[in-house]
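Here's a quick tour of the structure you have open. Have a look at it first, then go through the points by topic.

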Amino acid sequence: MTRAVDNQPVLGALRQWFDPEKQPTVGRTPDYRFSLANERTFLAWIRTGLALIAGGLACAQFLPPLSVAHLREIIAIGLLLLGALVALRAVDHWARTERAMRLGQELPGSKFPAILALAVTAGALLLAIAVLIKAVQ
Amino acid sequence: MTPDPDRGAAAERTRLAWRRTGLSATAVALLAARPSFRPEAGVLAWLIAALAIAGWAAMITLAYRRARGLGSVPPRPGRRVIPAYALLAAALAALGGLVVML
């Protein structure tokens with residue numbers, strides 16, 4: 001299974017983001033209900049990304065300075081990066097799913113939800129440790 | 001021939017999903033614009049707020065135009081709106097980076 005279109009991994013993927021319409025050469029138009037379901041999944045991921053971004057902005061503005069120097073800023077930037085990553089991954093996954101539906105192939109699986117869950121868990125644990133250190137001191 | 005009754009209400013659910021996403025974008029834009037409400041806010045804070053509101057307006061406009069495609073029979077699936085919306089969301093994240101630096 002290749003995620004690249006033609007032989008240009010990055011350019012091909014970008015082109016696929018912007019016009020899956022321009023690829024009617026492959027497969028045929030799926031039932032609109034499937035496409036709309038794919039679109040709603042994309043929107044749910046975008047909301048996840050926006051929630052992470054909002055979390056980062058809230059951290060930067062509402063947290064008091066933490067015991068570890070710049071920890072607040074690091075958490076905020078980490079959440080913002082994660083939010084941007086989720087948003088960009090959402091389009092990529094949407095485009096690949098759309099293409100798979102056109103070709104009648106199996107829908108692309110993804111390790112991303114598991115990775116995101118682990119990243120969020122790790123962040124929460126780090127923060128809990130920082131709070132505990134502060135409480136002990 | 002009778003028009004497609006859209007049994008699963010797919011178009012309506014998709015429209016509501018766009019609306020929910022717009023509300024999330026509103027929260028992000030307000031948080032990004034918040035530093036400019038401080039009395040001692042500088043030019044950078046104002047610039048960030050202006051960009052955040054502009055990005056928010058673009059997102060709301062995209063969702064509004066998307067609703068028209070969903071209203072037709074049968075509903076048209078979204079195409080270019082989708083990468084544009086995701087890029088705007090990522091741009092809000094980049095703007096958030098500036099807010100952290102303030």
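In chain A, residues 24 or more positions apart account for 66% of the contacts with a separation of 6 or more, where a contact means two C-beta atoms, placed from the backbone, within 7 Å. Bear in mind that this is a predicted model: local features need pLDDT of at least 70, side-chain atom pairs count only at pLDDT 80 or more, and totals for chains, interfaces and linings use all residues. As for labels, residues are numbered from 1 along each chain as its sequence is written, while chains are lettered from A and ligands numbered from 1 in the order in which they are written.

**Chain A overall**

- Chain A has 4 helices and 0 strands; these are DSSP runs numbered from the N terminus, with helices being H or I of at least four residues and strands E of at least two.
- Reading from the N terminus, the order is α-α-α-α.
- Of the 137 residues in chain A, 29% are buried. Buried means 20 or more other C-beta atoms within 10 Å of a residue's own, exposed means 12 or fewer, and partly exposed is in between, with C-beta atoms placed from the backbone.

**The α3–α4 pair in chain A**

- The axes of α3(A) (residues 71–103) and α4(A) (residues 112–136) come within 12 Å and cross at roughly 170°. That makes the two helices roughly antiparallel.
- Axes here are lines fitted to C-alpha atoms, for helices over the stretch in contact, and angles run from 0 to 180 degrees between N-to-C directions. Under 35 degrees counts as roughly parallel, over 145 as roughly antiparallel, 65 to 115 as roughly perpendicular and the rest as oblique.
- On the α3(A) side, the residues meeting α4(A) include A:Leu71, A:Ile75 and A:Arg89; among their partners in α4(A) are A:Phe112, A:Leu116 and A:Ala130.
- That contact divides into 9 nonpolar, 2 polar and 1 charged residues. Ala, Val, Leu, Ile, Met, Phe, Trp, Tyr, Cys and Pro count as nonpolar, Asp, Glu, Lys and Arg as charged, and the others, Gly among them, as polar.

**Chain B overall**

- Chain B has 3 helices and 0 strands, running α-α-α from the N terminus.
- Its radius of gyration is 17 Å, well over the 13 Å that the globule rule gives for 102 residues, so chain B is more spread out than a compact globule. The radius is taken over C-alpha atoms, and the rule is 2.2 Å times the number of residues to the power 0.38.
- The C-alpha atoms of chain B fill a box of roughly 65 × 20 × 15 Å along the principal axes.
- Buried residues make up 38% of chain B; in α3(B), they include B:Ile82, B:Tyr85, B:Leu92 and B:Val99.

**Where A meets B**

- Chain A puts 36 residues into the contact and chain B puts in 34.
- On the chain A side, α1 (9–18), α2 (32–62) and α3 each supply at least two residues, and α2(A) gives the most, with 20.
- This side of chain A splits into 24 nonpolar, 5 polar and 7 charged residues.

- You'll find A:Ala84 in helix α3 of chain A, and it counts as buried because it has 24 C-beta neighbours inside 10 Å.
- Not counting residues up to four places away in sequence, A:Ala84 touches B:Ala90 and B:Ala93.
- A:Ala84 and A:Gln105 are 21 residues apart in sequence and 29 Å apart in space, C-alpha to C-alpha.
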